[in-house]
Amino acid sequence: MSETPPDTAAQMVRPGTATGTATTGAATPALEARGITLAYDRSIVFEGLNLSIEAGKVTTLIGANGSGKSTLLKAFGRILQPSVGAVHLDGRPVRDFATREVARRLAILPQKPLTPSATSVRDLVSRGRHPHQRMLKPWTQRDTEVVDAALAATGLTELARRDAGSLSGGQLQRAWIALVLAQEAPTILLDEPTTFLDLSHQLDVLELVRSINRDRGATVVMVLHDLSLAGRYSDRLVLVGGGRVLADGPPWEVLTSDILRTAFDLDALVVPDPSSGTPLVVPALRPDSAPGFRWPERPSTLIGPQK
Amino acid sequence: MTALRTEHRIVSVAPRRRVLIVTLICLAAAIIIALLGIIAGSSSLTIADAVRTLVGAGTPGQELIVIELRLPRVVAGLLVGAALGIAGALTQTFARNPLATPDILGVTSGASLGAVAAIVLAGGSYSVGAGLLSLGLPLVAVLGALISSAIVYGLAWRGGVDSYRLILIGIGATAALGGITSYLIAQAKITDATAAAQWLVGSLSGVSWASVWPVLVCLVVITPIALQQSTNLDLTQLGDEVSTSLGVAVQRHRLVVIVCAVVLTAAAVSASGPVEFVAFVAPQIARRLARAGRPPILAAGLVGAIIVTGGDALARGVLPGQVPVGIITAIIGAPYLIWLLTRRKERETL
């Protein structure tokens, strides 16, 4: 295996990402799809797709079921090889890097990772250090510190010695995110990180994602199903469907009634979220919806949204 | 999910230390079993006699029995068991399935077809058979094993090998090769059919120093390669996608692991015939002893060595007549398989 000496401290800092100022054009995109064609066997999902992911931002891929958003994320995460074109990471084709070098720059958390049996939470999170380890000096004090910090950031310090298989869904998802944190990759891809979690745990995960972006300057690309949460926690939304990018921009530009009707075949109102001011997608009542059904009456005591 | 019971499964002892302790205990047990294997049988030797003879201080009579007759058989048992145990640990780990043994890669069925074809066709007037047998039965078995597992791997390849598809194709190949083997036996002369059936059971009765060396060489070469894949085996337990993300070259790793398992199994089978269930049971026993997330490689090999040597000693020392070790391991292994299946409460990945 060809080894390039890890230089973790330097990798976390990338020009143009430290400040929040938009330096579009000048800065190298963290990830870039250049004319990529993605296909499973013979069915083509994307053909000649171009998409560039700005460094230091939270970008969320949205789209209807089967629109290919997870496929696209897998291509960015080099799990799926494009049959045509190339994915560029930090300005160079992914293929030009040694595999462990990519692992030091890019982490992907798939939708259904396998939880190993008889493995403690700490052990699981420690595996995130693999790309930084070398043959002769496998585990360093710094590795321990990074794992400790990842456990602390995800609120798992108390559970570190528990068997990973005994965690609840929310705790387990935090453990996986801790593994990704321990990997210390400046670009993080998350495939539906909130699936199977209740609303409160979804918020836990998304707050964690935003803090990773804010505190570490990490570039985050994720796939989300919940449009309102996507709007609340993302700098930019990329709506895919029918083998192409249907809309791309800040949440208020992408989440509009017209676009939602085209992409999801959905009649919806988009109103400001009373809590965050971000777009809130409210599905409209369908005209033929449940004829004769009596909708629950609005209690007279109900007060409008606070704040 | 037991929501009300607050069960906190704690992983206590550092896993690596526990694996090391279990491995050392298994090593001690294997040495004791080997000594018992040397004295097991008809003539009256004590363990002290055996040790004395091994260090070169025995009588000429003891030397003949220990060095020439018993030792090759015991060493063969240790090596065959170790090879099968390690091969089993590798296969079960990469496939993330305790039921995946090297048999499923088509190794054993290919070796069996090769050996049976050589025995049966050589008995007739076919030049094919004579040609096969002139290579020597072990070599024919190895060829059969390598060719069939290469075919299984090739058929499972679709821009990469997915372990689930590999297992399904392996099961199909095993059935097809087994069918051909059965056909060859059914239409063979009765003496050839008996010889073939004996080979298929798996026995150490025919081994000599000559059959020990190839297995030893394979173990010495392959074991370090297998151990070197330990970290990658740990990482691939998290799934192909996570291990790719962590920088594991998954397909290359998987090919290395499969080649290791196939070569070890082929070497073992060529020396003793297929000794049933060792590759399946040994890694699972080692994993439970070590309470590890996957079977520890060295401990699995040592447990395999204990099972085969112990089974053979049991057959010679306790049971009447010449019971092949393959029968003993099957008798122990099959109930263990059933127990394992009924006992599994939750769906484990391994």
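User: Is A:Glu184 buried or exposed?

Analyst: The model is a predicted one. A residue counts as buried if 20 or more other C-beta atoms lie within 10 Å of its own. A:Glu184 has 23 C-beta neighbours inside 10 Å, and therefore A:Glu184 is buried.

User: Where is A:Glu184 found, and what is its phi?

Analyst: A:Glu184 belongs to the loop between α6 and β7 of chain A. Although A:Glu184 is not a glycine, its phi is positive, at about 55°.

User: Which strands of the open sheet in chain A stand at the edges?

Analyst: The open sheet has six strands in the order β6-β7-β8-β3-β9-β10 (chain A), and their pairing is mixed. Two of these strands have a single partner each, so one side of each is left without a neighbour in the sheet. The edge strands are β6 (106-109) and β10 (244-249) of chain A.

User: How many residues of β7(A) are buried?

Analyst: A:Thr187, A:Leu189 and A:Asp191 point one way from β7(A), whereas A:Ile188 and A:Leu190 point the other way. In a regular strand the side chains alternate between the two faces of the sheet. The residues pointing either way from β7(A) are all buried. β7(A) is thus mostly covered, and the number of its buried residues is five of five.

User: How many bridges join β7(A) to β8(A), and which residue in β8(A) is the bridge partner of A:Leu190?

Analyst: β7(A) and strand β8 (residues 219-223) of chain A run parallel and are joined by five bridges. The bridge partner of A:Leu190 in β8(A) is A:Met222.

User: Which residue in β7(A) stands opposite A:Ile108?

Analyst: β6(A) pairs with β7(A) in the parallel sense, over four bridges. Within β7(A), the residue opposite A:Ile108 is A:Leu189.

User: Which helix lies across β6 and β7 of chain A, and which lies across β9 and β10?

Analyst: The helix across β6 and β7 (187-191) of chain A runs at about 170° to β6(A), and is α6 (residues 169-183) of chain A. The helix across β9 and β10 of chain A runs at about 155° to β10(A), and is α10 (residues 257-264) of chain A.

User: Which element gives the most residues to the side of chain B that touches chain A?

Analyst: The contact takes 25 residues from chain B and 27 residues from chain A. On the side of chain B, the elements that give two or more residues are α10 (230-236) and α11 (240-245) of chain B. With four residues, the element that gives the most is α11(B).

Key. Residues numbered from 1 in each chain as written. Chains lettered and ligands numbered in written order. Predicted model: local features only at pLDDT ≥ 70, side-chain atom pairs only at ≥ 80, totals over all residues. Contact = placed C-beta atoms within 7 Å. Pairing = 2+ DSSP bridges. Axes fitted to C-alpha atoms, helices over the stretch in contact; angles between N-to-C directions. Buried ≥ 20, exposed ≤ 12 C-beta atoms within 10 Å, placed from the backbone.
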